[in-house]
Amino acid sequence: MRTNVFLGLAIAAIALVYGQLIRGIAGTGYIQAMGADSLPKVLFVVLLFLGLLLAVYSAFGRHGHETVAGFSRSELARVLVALVLIVGYFILMPKVGFDLATLAFLICFQYVLQMRKILMLVTVAVAATMIFHIVFINFLLVPLPLGLLRNM
Amino acid sequence: MRWVKIFTFGVSDVLRPEVLLYVIFGTYLGLIAGILPGLTASFTIVILLPFLAHLNPVVGIGMLMGVVEGGFTGGGFTATLLNIPGTPSAAATALDGYPMAKNGRAGEAIGMVIFASVIGGLLSRFVLVWAAPQLGKVTMGFGAPEIFAFTVLGITLVAAFSEQSLLKGIIMGILGLMFATVGVDPVSGLPRLTGGLYQLEAGVLLIPAMVGMFAIPQIVEAAMDLAKGDKLELIELKGGRIFPSLRSMWQQKANLLWGSAIGTVVGAIPGASGPVASFLSYDLARRRSKYPEKFGTGIVDGISSTESANNAVAGGALIPLLTLGIPGDTVTAVLLGALVVMGFSPGPLFMTEHADMVSAIFATLLLANIASLIVCFTTVRVLLKIIKVPPAILMPLLTVLTVIGSYSMRNLMFDVYAMLFFGIVGLLGRRFNFPVVPLLLGTILGPILEVKARVALMTSREGALIFVNHPVSLAFLILSLIILFSPALKLGLARIRVQKSA
């Protein structure tokens, strides 16, 4: 019950933030026509209402009985580790380049996913990085960040 | 016989070596995705999308249709050999497929999975090819008010029939519409909600958004499961015949026909999903059977009824997508995004504006069906070895592909961060019962909804009453309201019944 109340309030908070953001949009000035601000204003009001409705409904009504998976503590820890690795990969890529970042990411992520055969883990990481480089940078000409390897 | 013309035109358009190759390649990828637990056809489509966006649309569509076809068929393999459905709609297949495989009849079970999938797919494609042009004729006369009202109805329908609550579905649809308001205003041309970032002027890019919503949550959830150290137990497919005997095929004719019919009808209802069709078909087959007590112990009837329904859903779900721009399920929602990325605008006018594309879709679907039959029966033993690839290797590689895919659209790291943002939104949605499909639909249909509403108002002399004065538009809006208030209506009716009985 508490989870859905909290979620409803979070939705209402998102609506309020959106409401603040759309204040600067220029409208038409007259009510008969729809301007650039009309749809955002409608969406703001509807989302705020729905968020509050979810919170109230969950506190007193049927939504209170809904089972929400959410995250257990151990699941949350695993999700955070996965997300930290992914975010770290994104941050690292422009700095050290696609190849080095991908190699490091593949090794770390496989290890986190319980791959304990170190030789296989490293072989897969090296081979995959090389294949990605050849296919996407050399063959498909995707200008992936080269980072430290720019001048090589 | 307009539909015959459309279909034959499509066949002549797609019978080219490169299209055939991509269809077969797509079928293989779809099968692999279906076979590997944790991967789905929609996941594969979003991963492929950035690379397909640069291809000829007919070739790209051909590959996507192959993925859809293969994905649905492959899901039944893991349900049979691992007791883990590769796709949610293959869950019913496991009821009899797995016991059959355990009893040493894995080959026979897999053979029926392939055969029933192909029959279900074929029959639903024929219904699609016949029904879509008829519906297209009706939607051809829609103007801006009707399209606006229909878009509202579409988002409402998909939100309402999502697996979770109506309220949460509508919230996600509204959030999707909010994302669609970011970028240059489609009428005035002024930037809106961009926060001064030039990267946002083109709006929310669909590819990073879709990859984020569908791929990232799946990868992170797989990471959660893998870190627990769960192991898979695979039943080996030993030697012997896989192709079902003619007698066995003939004995299953009623189950196959009923399954295909149920799958097509359920697929055509926006929001109703594949699992509904396969369980309905399974239940009907059991009721009609002379030996209902044997269901669940490992009989072919349990596979033929579910797999034909499961694959027919794909054809049925394409009917509302192609004629009305409303996806029937998650896979077609992703296909809708793919069509938009390829430069098309699915909706009521799609059948008339892009008749060539519609023909190509019909023809490639049929081609993918035949390709699936050949590919499955010739290479199923090799394909099934893929199950042994550890997900611990696969998931990191797929993550890298999502990054390259999102980055390659505009060569901007910004799009990779956008993907991560949508990934977190998608993950939270999955864990807290907020359906992601309405979010995607709102993001895709938002610009259409806004432009049509504004065009209707600009050309109207009666102001907002234009939406009420047009009967079709009024009907769609009333229908949307009925759907929105259906829980309250149901509650009211139940109270009246209780009062009457008291």
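Q: Which residues does B:Ser372 touch, leaving out those up to four places away in sequence?
A: B:Ser372 touches B:Thr27, B:Glu69 and B:Thr73. Contact calls for heavy atoms within 4.5 Å. This is a predicted model, and B:Ser372 is found in helix 16 (residues 355-384) of chain B.

Q: Why is B:Ser372 called buried?
A: Its relative accessibility is 0%. Buried means under 20%. The value falls under that cut-off, so B:Ser372 counts as buried.

Q: What makes A:Val81 partly exposed?
A: A:Val81 has 39% relative accessibility. Exposed needs over 50%, and buried needs under 20%. The value lies in between, so A:Val81 is partly exposed. A:Val81 lies in helix 3 of chain A.

Q: How far is the C-alpha atom of A:Val81 from that of A:Phe98?
A: They are separated by 21 Å. Along the chain, the two residues are 17 residues apart.

Q: How many aromatic pairs are there over all chains?
A: The count comes to 14.

Q: Which labels do B:Phe179 and B:Phe421 get for accessibility?
A: B:Phe179 has a relative accessible area of 16%, so B:Phe179 is buried. B:Phe421 stands at 44%, so B:Phe421 is partly exposed.

Q: What makes the pair of B:Phe344 and B:Phe350 edge-to-face?
A: The centres lie 6.3 Å apart, with 80° between the planes. The limits are within 6.5 Å and over 60 degrees. B:Phe344 is buried at 12% relative accessibility, and B:Phe350 is buried at 0%.

Q: Which residues do ring pairs link into a cluster?
A: They are A:Tyr89, A:Phe90, A:Phe105, A:Phe109 and B:Tyr417.

Q: How do you know that the charged end of B:Lys168 sits over the ring of B:Phe434?
A: The charged end is 4.9 Å from the ring centre. The cut-off is within 6 Å, and the charge must also be within 35 degrees of the ring normal. B:Lys294 likewise lies over the face of B:Tyr291, at 5.4 Å from the ring centre.

Q: How many residues of each chain are in contact with the other?
A: In all, 61 residues of chain A are in contact with 54 residues of chain B.

Q: What area is buried between chain A and chain B?
A: About 5,100 Å² is buried, and carbon and sulfur atoms give 84% of this area.

Q: How many salt bridges are counted between chain A and chain B?
A: The count is zero. A salt bridge would need a side-chain nitrogen of Lys or Arg within 4 Å of a carboxyl oxygen of Asp or Glu.

Q: What confidence values go with chain A and chain B?
A: Chain A has a mean pLDDT of 85, and 85% of its residues reach 70 or more. For chain B the mean is 84, and 93% of its residues reach 70 or more. The model scores ipTM 0.90 and pTM 0.80.

Methods:
Residues numbered from 1 in each chain as written. Chains lettered and ligands numbered in written order. Heavy atoms only, no water. pLDDT = per-residue confidence, 0-100. Phe/Tyr/Trp six-rings, centres within 6.5 Å; stacked < 30°, edge-to-face > 60°. Buried < 20%, exposed > 50% of the residue type's maximum accessible area, 1.4 Å probe, protein only. Helix = DSSP H or I, 4+ residues; strand = E, 2+ residues; numbered from the N terminus. Buried area = accessible area lost by both parts, 1.4 Å probe.
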